[in-house]
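Trainee: I'm new to this one. Can you put it up and walk me through it?
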Amino acid sequence: MPVKLNQNNMANIILNGLTKSKRPIDRIFLHCSATPEDRDVSGDDIRQWHKNKGWRDIGYHYVVRLDGTVEEGRSVNLDGAHARGYNQGSIAVCYIGGLNKDFDPKDTRTEPQLYALYNLLLGLTEIYPKATLHGHNEFSSKACPSFNVQEQYSSLINKTTQIMIDDFQTDVQDHEEGADSFADFVNDLTEDKANENAVCGIDDDDCEACGA
Ligand SMILES: [Zn+2]
C-alpha cells in the first residue's frame, strides 16, 4: 500500500522521516513523466507502463502527482531504472507532467507540486546529506525534467555545499598540517565528478524511463 502524502500531511514527511535506503545514496535525480500538462497520471499508471516494457516495477522511487500527492514507487532499497549508468546509488523522483499540449518540453509543475517537491527534496537531502541533486538533463541530452534543477533548487543544493564546507573543516581539524585550501578541495571534487561523467557518457537513445 503506497504511502500517500499531500499538502495537509506533508509536514509529517520531515517530522516522521522518509524511509532511508539501505543502499548508499550519492545522487538524487529529478524526472518528469513526459506527459502533457493537466493529464492526471498515477504512480500505478507509470508502474503499468514500465512493467509493459518488461521491467520488474516502476522505475522511480517517488511520484509527485498534479495535486501534490507524493506516492512511493519502487522500494528505495532497490536500484531504480531512470538514468542509465546512474541507477546505482541514486534516488529517482518523478513529477507528473513536463510537456505542453503539443508534447513539447515545458515546466508544468503545479503549485501543489512545487510545494510537495520542495518538501520531498528537503526531506531527502536531510536523510542523504552527502547526496547531490540533479535533473536528468544534466546527464543526458533529454529535456527531462523540463527545467533547470540547479537554478530552481539552489537553496537545497547550497545546503549540500555547506556540508562540503563542514566536511572540509573536519578534514582540516583531523589533518591540521598540510591541508589543502578549500578551493583545492572543491577543485578535486569537481575534477572527480568530471572524470566520472566522461567515463559514463549517456547518449541520446539511452534514456530508460522518460520518453521525452
Ligand atoms: Zn528523466
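Predicted model: local features only at pLDDT ≥ 70, side-chain atom pairs only at ≥ 80, totals over all residues.
Trainee: Let's start with helix 2. Which residues are exposed on its other side?
Mentor: Gln-48 and Asn-52. Numbering starts from 1 along each chain as its sequence is written.
Trainee: And which residues of helix 2 are buried?
Mentor: Gly-43, Ile-46, Arg-47 and His-50, in a helix that covers residues 43–52. Seen down the axis, these buried residues fall within an arc of 105°, so they line one face of helix 2. That arc is taken from the directions from the helix axis to the C-beta atoms.
Trainee: What do they pack against?
Mentor: Strand 4 (62–64) and strand 5 (70–72). Just after helix 2 comes Gly-54, with a positive phi of about 95°.
Trainee: Zooming out, how many helices and strands are there in the chain?
Mentor: 6 helices and 8 strands. They are DSSP runs, numbered from the N terminus: H or I of at least four residues for helices, E of at least two for strands. The order from the N terminus is β-α-β-β-α-β-β-β-β-α-β-α-α-α.
Trainee: How much of the chain is buried?
Mentor: 38% of the 212 residues. As for contacts between residues at least 6 apart in sequence, 72% join residues at least 24 apart. A contact means C-beta atoms, placed from the backbone, within 7 Å.
Trainee: New topic. Where is Phe-103 found?
Mentor: In the loop between strand 7 (98–99) and helix 3 (111–127). Its phi is positive, about 65°, although Phe-103 is not a glycine. Most residues other than glycine have a negative phi.
Trainee: Is Phe-103 buried or exposed?
Mentor: Exposed, with 12 other C-beta atoms within 10 Å. Ser-146 also has a positive phi, near 70°. Ser-146 counts as buried, with 26 C-beta neighbours inside 10 Å.
Trainee: Where does Ser-146 sit?
Mentor: In the loop between strand 8 and helix 4. Pro-145 is found in that loop too, between strand 8 (132–135) and helix 4 (149–152).
Trainee: What is the peptide bond from Cys-144 to Pro-145 like?
Mentor: That bond is cis, with omega near 10°. Most peptide bonds are trans.

Definitions and conventions. Buried ≥ 20, exposed ≤ 12 C-beta atoms within 10 Å, placed from the backbone. Contact = placed C-beta atoms within 7 Å.
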